[in-house]
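I wanted to look up charged side-chain pairs first, then strand pairing.

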Amino acid sequence: MPDLPTPKDATESALFSEGWDAVLSYADLCTSGSLTAHQLATEAFTLGMREIRAAASTHVRGAGRRTARLPTIPALLTAVRDTAAAWEADGQGHKLDPDLRLWLNSSNAARYAGPPLERPVALRGLRDMQEADASLLWLAEVEALPLPTVARRLGLDPATVADELDQVRTLFRDRCHRAHLDTPMDARCRSYARLLDAVTRSPAADTPDDLSRHLATCVRCAEAAACLRLHGGGLPAALAGGAIGWGGLAYLERRRRAAEVRLGAGRPAGAEAAGDPEEGAGRSRALRGGLLAAAVLLSALALGVSLMPFGGSGDDSAAARDDRQPVADPSVPRTTAPPGSPTASGTTSSATPTRAESGRKQQPDPEPQGRTSSAAPGPGPVRSSAPVAGCRVAYHLVDQWPSGFQAAVTVTTDRPLDGWSLSWAFRDGQQVGQMWDATVHQSGSRVTATAADYNRTVAAHGTLSLGFIGTWQGRNRSPYGFTLNGAVCTAG
């Protein structure tokens, strides 16, 4: 396994800290355990930084417009995906998540390595922007960093960064519109291209029924619609899904939770003004072990918190993640060390898992759905010692347009599964049209999603996920009454 590269200067040190955090988060999604995730992250980070340095060096010596390329973080995430593909080709696919292996051998993965005009619209639009604009868009929308932090990292004026972000969003839309028109498409898709551009420009525009039906059945046009519609909150998902590919939505959710841990509740009132907490932590730890090692430790701790709602792919990895602590608690022993770090052989206190478990249980849960009176927890210690259900559901509205929407469902199960059936009820008469990663049956408001052949097995503390496109009228509230194999799940 290669060693992590060494930063050349302070600018690269900050880049390493930010990039490693993202790479490790995505690598954990792609693998079956924490040790394998570190191995994949190390190889991918080394590959990605080598390519980024080579591109920067070529640009300095060359002339004219730069070669189209992604900003730093999505470029590093692409390196994770490419490294995973190399593992699969070299006979190391058993280290990867089973769903990722299926994706790597599908036509969806082939789009990222095929002809440029066949690649996702979001990826092409992002690559076609100037790197500074693309970085601003990615950090604000996907990494979910506060705008003052983004402005400081990119050297922008905090007073005007919001206006710049609005301009960059519009620029991204224009690039995606042009990319969509350049895409080889059949006559039916071509006939809807101009109409799609018109109805996505304004939140007040009505989508004709025939266009809604087309978007419910055409993946390429639905991808373009998500990029062209700047209102409605679907832009981050369009960016992550288009640039990363497999696991884009799960990565997006992890980054938002990691940002909440690092920059959210519990910080002193003047912390933001005093400087970036990651940069300050890096300087203090550099005296003890080097800036890069400190960045890896910090990112691993933040990652541990962001992983908690998702669990892991296996029993060992789930236990390891449950022991990780929020970054904001410096008194908690660190349990994850960077590859090759002298602290990697250290042990944690026996009380750490108990404190981590207690810390999670005391967080306020979203409103539970379909909970019976016998499962309702009492206040205080009873709530933290007895989980309400053996599964937790996260429902995410990816995108919505008049009469249509796209949604994703992720379930964390405490018990291993060999075959699963997930059910829920819609509140407003929504109808599921197309579903992936499961077989769907709907009777009235009740929907049942049954596992596909390739994802029927789920490890304890692992996750299962599915997505679908549906139709709605009047209202489109989140569903309720989730059950997994007949057992009630909580929302969270």
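Below are my entries, in the order I looked things up.

**Ground rules.** I'm working with a predicted model, where local features need pLDDT of at least 70 and side-chain atom pairs count only at pLDDT 80 or more, while totals for chains, interfaces and linings use all residues. Residues are numbered from 1 along each chain as its sequence is written, and side-chain values use heavy atoms, with hydrogens and water left out.

**Entry 1: salt bridges overall.** How many salt bridges does a search of the whole structure find? I got 17. For the record, a salt bridge here is a side-chain nitrogen of Lys or Arg within 4 Å of a carboxyl oxygen of Asp or Glu.

**Entry 2: Glu-118 and Arg-220.** I looked up this salt bridge and found its closest N and O atoms 3.2 Å apart. The two residues come from distant parts of the chain, 102 residues apart: Glu-118 is in the loop between helix 5 (107-113) and helix 6 (121-127), and Arg-220 is in helix 12 (residues 219-228). Helices (H or I, at least four residues) and strands (E, at least two) are DSSP runs, numbered from the N terminus.

Next I checked exposure, where buried means under 20% relative accessible area, exposed over 50%, and partly exposed in between (1.4 Å probe, protein chains only). Glu-118 comes out partly exposed at 27%, and Arg-220 is partly exposed at 33%.

**Entry 3: Arg-257 and Glu-253.** This salt bridge has its closest N and O atoms 3.0 Å apart. Both residues sit in helix 14 (residues 248-263), 4 residues apart, or about one turn of the helix. I noted Arg-257 as partly exposed at 25% and Glu-253 as partly exposed at 26%.

**Entry 4: Arg-477 and Asp-428.** Here the N to O distance of the salt bridge is 2.8 Å. Arg-477 is in the loop between strand 9 (463-471) and strand 10 (480-484), and Asp-428 is in the loop between strand 4 (421-425) and strand 5 (431-436), so the pair ties together parts 49 residues apart in sequence. Buried or partly exposed, I wondered about Asp-428? Asp-428 counts as buried at 17%, whereas Arg-477 is partly exposed at 35%.

I also jotted down a network: salt bridges with shared partners join Asp-21, Glu-143 and Arg-255.

Entry 5: I found 5 strands forming an open sheet with mixed pairing, in the order 5-9-2-1-12. Strand 5 and strand 12 (490-491) are the edges, each pairing on one side only. Two strands pair if DSSP finds at least two bridges between them. Strand 1 (residues 391-401) and strand 12 run parallel, joined by 2 bridges. Val-393 has Ala-491 in strand 12 as its bridge partner.
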